[in-house]
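Biologist: I'd like to learn how to read helix packing and chain contacts. Could you walk me through a case?

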Amino acid sequence: MDIPILSLLLLFPLIGAVVTFLMGKNPKMAKISALVFSAIPLVLSLFMLTEYVQTAGGYQFEESFSWIETLGIQYMLGVDGISVPMVFLSTLLVFLAVIFSWDTDHRTHQYMALLLVLELGVLGVFMALDYFLFYIFWEVVLIPMYFLISVWGGPRRSYAAIKFFIYTHIASLAMLLGIFALYFEAESINGYYSFSMQEINAVSPLFGLTFQIVVFGALFFGFAVKMPSFPFHTWLPDAHVEAPTAGSVLLAGLLLKMGSYGIIRVALPALPDGAHEWQWVMVILAILSIVYGAIMCIGQKDLKKMVAYSSISHMGIVMLGFATFTEIGLAAGVFQMFSHGLITAVLFMMCGVVQHKAGTRNIPRLGGLAAKMPFAATFMMIGFLASLGLPGMVGFVPEFSVFTATFDAFGWLLLIPVCSVALTAAYYIWAMQRTLFGPLTTQVDTEHLHDLYWFETLPLAVLSGLIILFGMFPALVLDYIRPAVGTVLGLLGGI
Amino acid sequence: MDYSAIYPEIILALFAIALPAVNLLVEDSKFLAGVSLAGVGLSMLAVFMHFYDGVGPAVFDNGLLVLDDFSGLFMMVFLSVAFIVILASAKFIEGEKHAAEYYCLILLATVGMLLVAASTDLFVLYVGIEITSISSYALVAFRKKDIRGTEAATKYFIFGGLSSAFTLFGISLIYGITGTTSFEEVGALVGTLDAYKEMLWLALVMVIVGFGFKVAMVPFHSWAPDVYEGAPTTITAMLAAGSKKMGFVAMFKFFLVAMLAIKADWEIVVAVLAILTMTVGNLAALNQTSIKRMLAYSSIAQAGYILIAVAVGTEFAVTGGIFHILTHAFMKGGAFIVVATLATVAIGEKIADYKGLAKRSNFMAFSMTVLLFSLAGIPPLAGFASKVVLFSSPIQSGVAGAEWMIWLSVAGIINSAISLYYYARVVKYMYVDELEEDAPSEKLKLPKSMMAAVAICVVAVIGIGVFPEFFIQLCRDAATALFA
């Protein structure tokens, strides 16, 4: 391997963002430029998937350059089995989001450029092997998302964007403090300054217990807000409801994953003893998120808000998987991140479609849409069924595995989160009934209901295909994840 | 006597004196600006040549003034600020009377800053501060028909005079106790003066109050927003980026050289004041409607951050402090010059006047965004790099025993989060909000020289942010020289 594939993955969105931004006079060219520059990373990531050696474990495609020597900061990239699916997911979703936004006509070049900047940040987070670099990319993600919501969002976009910004910024500052603590603590053991994840994690078992508990708290807070976990979730429904469709897709599909990725990449390996002390907090917050999210879904009238709350519930499952500290739990958690990324993209795209065609997302005002929009209805059902964990679709395996791991680890405590399965089925099927089936609604103008356009069908079809493909053959993903999870488990002093 | 240590000051002073004479021959204010720029440039060259020769520190008059890594770096910072301010002024004060005096005073103010940077003696330091202050009073009142400017100048003068009196009183007490005004000699004696402890504390309080006014430290900050708002905006840039930083140089020298031996007595006071300053500054900035006042309060907050370096007092912390002073000079100076530039094309000083600015001038909106995000500490910009060094210093020294210092980092980081709100608000106005219905919407024609000044700041902010290593080394050398 000679080409620096990971750097190229970062480089193309960056160039693409600049090029697209300069296409201000010609929206059509801006769209094509964004399409090309989001397709290249997708191809690169597919190439990476084939080149990645699943059995080898550890980090691959590593690149490392000294950046700020005085502080021991490196430009250091690498991927392992946890990040590989995330990198693929990121490139895929951004590419599809660009296609899906084909009819954007308001400040198109800026919109597309922001999507690419977002891709740059998210990919950076998933590939950075230096805590400092990790933090920088983490912050880079904030800015495009803030603008996506505040310029192209719904009526209360200003409030939602600021709330999103402040919540996640405060969280990331807590995380930054935690990272600094790690940095200095590792220095006192190693004798030299370094932000390298591997070097800090290598000495993490030597950190004092009090230190670990405190610092894990800071890091966990940072990641839990991003995930988001109950009770730090309140920014999410607002942000989602106001965000434009592509923004929602990337917010739920990628940004939330950064939180859970941070837990498994940073918090657990760097502070294993702290993690053990915090295990019950993680479990309780996870269960609360799962159940609370599901209950909130039932009461929602806004389709998009319902999907947003379902994200909280499903990210709770990720956290529950992590909190078991078992191989199955961790692997299933990572798999759930991946599967939720695919499914939630379909769901948010469908919310966008419904809003766009019917002019409202208010569930009670809808009904019988399946008759007018058969294709849209099919994709929506695929999304709903996958999300509620129907066997054969990608949501089932991780959810089931997490519950298995939970039972192994905590026994009958499983009964509480498992209730959510019934709740989830209830709200999805009920929502499906009220929007897609039954008599055609008279409350909205259904005369001009138009089924999907090509730029809507294509992303939905790709995603639905992948949902079924990975549902049938979960090993396609799990084979990447499992060896890497073993490494994390080893650092956790695992079983 | 070895004059090479004071070449920069001499050059600048000569140009300052020559300017009114040149004015008798040439009336063109642009030409005067060019002459001043040449003076600043030559002075920079003198500093640069000294380090290029690599002969080590140069000493003047038995060590009253020293040109070493510390003073050299600050001279470069002050001269850069002067350069940018003069470059922007050429257009900003075009057509106004007394241009020669204006540039002359800017150069003299800069001479004072250079003297402060080079001083190793309390009295020289005091003289340097006074040269800068008195020049600044006159500069703030430059538009003497402008009511706000005159009010600001009066306020500045009264507060400034008072603070000078406090400083002088403190210095005289110290002289009375120790019999010397040299920082090093005071530093050597100060730990052995238990009999005069009360007197020393009184002196310390006096000096803290005096310097506190200069750097706009809470609770001595109230003059700053009024003065920053009332002064001509280019001068505001100089006050915020230059003369305020001079106060920090004075503080570094006074606290970390002269008073280092009794650090345990004052560090907690400075730490509390640092937290107060950053918090009050940021909270007050939140609901300002005038962009100049907002930036003024943000300046106060940034002063709070830099005070962390004084409170922690390790070499690493001072590195961070110096680094932040350096980056802040470009970020804040640049931001004020953006305001000044826009004022020349009739865009007001209300934050709301910036609505839809991106449509009218992409360059200005982008520059302001970079500068404000850098002030907020968003990576990978300069303000982030310097805050990282600065905020990590208490954690580093905290590991060594003073655990409470970690709260300085916590406060700094929380404050950065708060500050993001008001910086992002301006960015939102510029990019997100549409132009008002009846507002003019044509593209802005901006003066080239001012855009150049802004561009220098933006390039510096991005460049330092992406390649901070070199600058951190410079600041570290400077910190080492301070403690040497």
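Predicted model: local features only at pLDDT ≥ 70, side-chain atom pairs only at ≥ 80, totals over all residues.

Biologist: What else describes two packed helices?

Modeller: In general, you give the angle between their axes and the distance between the axes. Here, the axes of α6 (residues 157-190) and α8 (residues 209-226) of chain A come within 8 Å and cross at roughly 150°. Angles over 145 degrees count as roughly antiparallel, so α6(A) is roughly antiparallel to α8(A).

Biologist: Which residues of α6(A) and α8(A) meet?

Modeller: On the α6(A) side, they include A:Tyr167, A:Ala171, A:Met175 and A:Glu185. Among those in α8(A) are A:Phe211, A:Val215, A:Phe221 and A:Lys226. By class, this contact has 13 nonpolar, 4 polar and 2 charged residues.

Biologist: How many residues does each chain bring to the contact between A and B?

Modeller: Chain A brings 19 residues and chain B 23. On chain A's side, α5 (131-152) and α6 are the elements giving two or more residues, and α6(A) gives the most, with 11. That side of chain A splits into 13 nonpolar, 4 polar and 2 charged residues.

Biologist: And over in chain B, is α3(B) enclosed or open, and why?

Modeller: Count the buried residues: 24 of the 24 in α3(B) are, so this helix is largely enclosed by the rest of the structure. Its length checks out too: at 1.5 Å a residue, α3(B), residues 69-92, should span 34 Å, and its end C-alpha atoms are 34 Å apart, which agrees.

Technical notes:
Residues numbered from 1 in each chain as written. Chains lettered and ligands numbered in written order. Helix = DSSP H or I, 4+ residues; strand = E, 2+ residues; numbered from the N terminus. Expected span 1.5 Å × (residues − 1). Buried ≥ 20, exposed ≤ 12 C-beta atoms within 10 Å, placed from the backbone. Axes fitted to C-alpha atoms, helices over the stretch in contact; angles between N-to-C directions. Parallel < 35°, antiparallel > 145°, perpendicular 65-115°, else oblique. Contact = placed C-beta atoms within 7 Å. Nonpolar A, V, L, I, M, F, W, Y, C, P; charged D, E, K, R; others polar.
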